[in-house]
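The following account is written for a reader meeting this structure for the first time. Please keep the sequence and the model in view while reading.

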Amino acid sequence: MPRQILLGTALAIAATSAAHANGRPPSTSTITFRQGNEQHIVAGLTFGATFSHDGGATWHWMCEDAILYAGNWDPAYAYTASGAIFATTFGGLLVNRNGCEFEPTQFGESFMSAIGLGPDGALYSAGAQAANPTATPPDPGDAKIHKSTDDGLSFPVAPSPGLVGDWWTSLEVAPSDGQRVYLSGYRFAGSKQFLLFRSNDGGASYTAMATTGLSTTANSQIDIVAIGRTNPDLLFARVTYQIENAISDGIYRSTDAGQTWTRVLMLQDDIAVVLRANGDLVAGTRSSGVRVSRAPSNGAVWEDLVAAPHINCLVENTAGEVWACTQNFGGNQVLSDDAGIMKSTDLVTWTKVLRYQDITGPVDCAAGTLQRDQCVDKTTGGLTNWCILRAQLGIVADPTTCPSLNADDGGTVTPPKTGCCDNSASGGPMGLAMMAAVATLLGRRRRRATRALRP
């Protein structure tokens with residue numbers, strides 16, 4: 001059999017361990033800027049994370065194994081002024097202080113489901129660890145909302161607004177008032193009970209908020225998604241599954257710090273929201289368009305944006321740029337934007353910031369780190385994981401030596417040409433569709449989470 005065919009077969013099989021092994025297409029899930037220095041960015045991906053230290057000009061990749069998560073779980077990140085990156089992972093709340101290693105915080109492997117960073121640098125972490133009396137030693141569980149004022153070295157403040165077994169879905173701090181903290185979650189007690197809390201004293205205590213006006217179904221989840229930039233009493237919540245068993249998000253507004261709620265938008269799609277510094281409220285979707293409610297409407301009036309990308313996350317930096325998680329490759333139902341992250345200042349012109357094909361390389365770490373041993377050097381089918389990712393995503397850069405997909409010369413992997421082997425108009429590699437089928441057939445076992453996550 002010719003070497004080219006052998007190599008192509010190896011790439012097709014091995015690639016199931018890279019970007020498509022968890023059954024999800026390559027996608028961007030979160031964008032997080034370093035507090036006080038937004039040239040430093042971490043972008044959460046379905047196949048790990050990418051880091052930029054030059055405002056998005058270049059990106060370096062870190063795989064899931066180095067961040068201790070897998071499957072359908074997407075960590076939440078907090079990027080503090082010191083450069084520490086905190087992540088909610090299967091290994092507990094982890095912190096990366098050296099650029100290479102995510103290490104345990106004081107909580108060990110106790111699971112934290114949500115984190116938040118205040119304008120004063122205070123870090124909040126929401127415990128969601130179920131009790132395990134048969135463990136050695138017995139685990140009493142954790143539903144406390146922990147607060148740190150020393151960059152995560154200690155969390156001395158830890159009130160318990162809920163009960164052990166509660167699950168926290170969002171934790172947000174008002175950008176204009178570090179004393180105002182909002183929290184959402186749910187509890188199973190015969191039926192699903194939705195939880196909303198507010199702190200007026202910097203997380204020292206919490207009081208319950210009303211759910212009056214919020215329409216929910218059995219599968220719904222409530223998330224606080226935006227707080228007024230200058231008014232901490234103005235907030236917006238997203239409620240999923242407005243229609244039972246159908247993807248359908250509702251956006252609700254409260255002008256009285258969560259005492260009453262009014263629905264201002266509902267779409268049969270996942271909705272990402274950002275409240276801009278100028279007061280404009282932007283709602284983006286992957287397949288139902290993008291809308292903006294101009295200030296001071298606060299969701300009362302909406303207008304459609306023309307030629308906007310397909311969006312599943314939104315954030316605005318202090319420079320007034322709206323950054324969006326967009327569709328790098330796309331598919332039959334959601335078209336490609338030819339970028340995994342795009343940005344705009346006027347919501348009319350969008351600039352590509354991260355194309356997966358343009359990832360500069362893996363994060364460079366020493367031997368003995370998970371990043372080096374698992375993400376870069378580990379081999380499957382005779383290929384390193386970095387080379388597998390390059391082949392699968394059509395990455396052009398090659399700081400390491402990777403075999404060629406279509407030449408017996410040991411050169412670089414050439415991405416497929418548009419119109420030849422792609423699955424989208426932008427030229428995404430055909431392997432993105434094929435690898436999912438290969439992964440299903442092989443039934444490759446992934447490292448399981450150390451605990452079962454709720455839906």
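The model is a predicted one. When the bonded cysteines of the protein chain are numbered in sequence order, they pair as 1-6, 2-5, 3-4 and 7-8. Three of these links are described here.

Cys 63 and Cys 375 are joined by a disulfide, with a sulfur-to-sulfur distance of 1.9 Å. This link connects distant parts of the chain, since Cys 63 sits in the loop between strand 4 (60-62) and helix 2 (64-67), while Cys 375 belongs to helix 3, 312 residues apart. The torsion about the S-S bond is -70°, and the link of Cys 63 and Cys 375 is left-handed. Are its two ends buried or exposed? Residues under 20% relative accessible area are classed as buried. Cys 63 has a relative accessible area of 8% and is therefore buried. Cys 375, at 0%, also counts as buried.

A second disulfide is formed by Cys 313 and Cys 325, whose sulfur atoms lie 1.8 Å apart. Cys 313 is part of strand 24 and Cys 325 is part of strand 25 (residues 322-325), so this pair ties together parts that are 12 residues apart in sequence. With 65° about the S-S bond, the link of Cys 313 and Cys 325 is right-handed. Cys 313 counts as buried at 9% relative accessibility, and Cys 325 is buried with a relative accessible area of 0%.

Cys 387 lies in helix 4, whereas Cys 402 lies in the loop between helix 4 and helix 5 (431-442), and the two are 15 residues apart. Both Cys 387 and Cys 402 are buried.

What does the side chain of Gln 371 reach at 3.1 Å? The side chain of Gln 371 reaches the backbone oxygen of Trp 61 at this distance. Beyond its neighbours within four places in sequence, Gln 371 is in contact with several residues, among them Trp 61, Met 62, Cys 63, Ala 66 and Cys 100. Other contacts of Gln 371 include Pro 362, Val 363, Cys 365 and Val 376. Cys 63, one of these contacts, is the cysteine joined to Cys 375 by the disulfide described above.

The remaining topic is charged pairs. Side chains of opposite charge can pair when their charged atoms come close. A search of the whole structure finds 15 salt bridges. One of them joins the side chains of Glu 316 and Arg 276, with an N to O distance of 2.8 Å. Glu 316 belongs to strand 24 (residues 313-316) and Arg 276 to the loop between strand 20 (272-275) and strand 21 (281-284), so the pair ties together parts that are 40 residues apart in sequence. Both Glu 316 and Arg 276 are buried.

Two further salt bridges involve partly exposed residues. Glu 303 pairs with Arg 294, their closest N and O atoms being 3.3 Å apart. Glu 303 counts as partly exposed at 35% relative accessibility, and Arg 294 is partly exposed with a relative accessible area of 33%. Arg 372 forms a salt bridge with Asp 377, with 2.8 Å between the closest N and O atoms. Arg 372, at 30% relative accessibility, counts as partly exposed, and Asp 377 is partly exposed with a relative accessible area of 37%. Elsewhere, salt bridges that share partners join Asp 338, Lys 352, Arg 355 and Asp 358 into one network.

Technical notes:
Residues are numbered from 1 along each chain as its sequence is written. This is a predicted model: local features need pLDDT of at least 70, side-chain atom pairs count only at pLDDT 80 or more; totals for chains, interfaces and linings use all residues. Side-chain values use heavy atoms; hydrogens and water are left out. A polar contact is a pair of N or O atoms within 3.5 Å; within protein, one must be able to donate a hydrogen and the other to accept it, and residues adjacent in sequence count only if both atoms are side-chain atoms. Contact means heavy atoms within 4.5 Å. A salt bridge is a side-chain nitrogen of Lys or Arg within 4 Å of a carboxyl oxygen of Asp or Glu. Helices (H or I, at least four residues) and strands (E, at least two) are DSSP runs, numbered from the N terminus. Buried means under 20% relative accessible area, exposed over 50%, partly exposed in between (1.4 Å probe, protein chains only). A disulfide is a pair of cysteine sulfur atoms within 2.5 Å.
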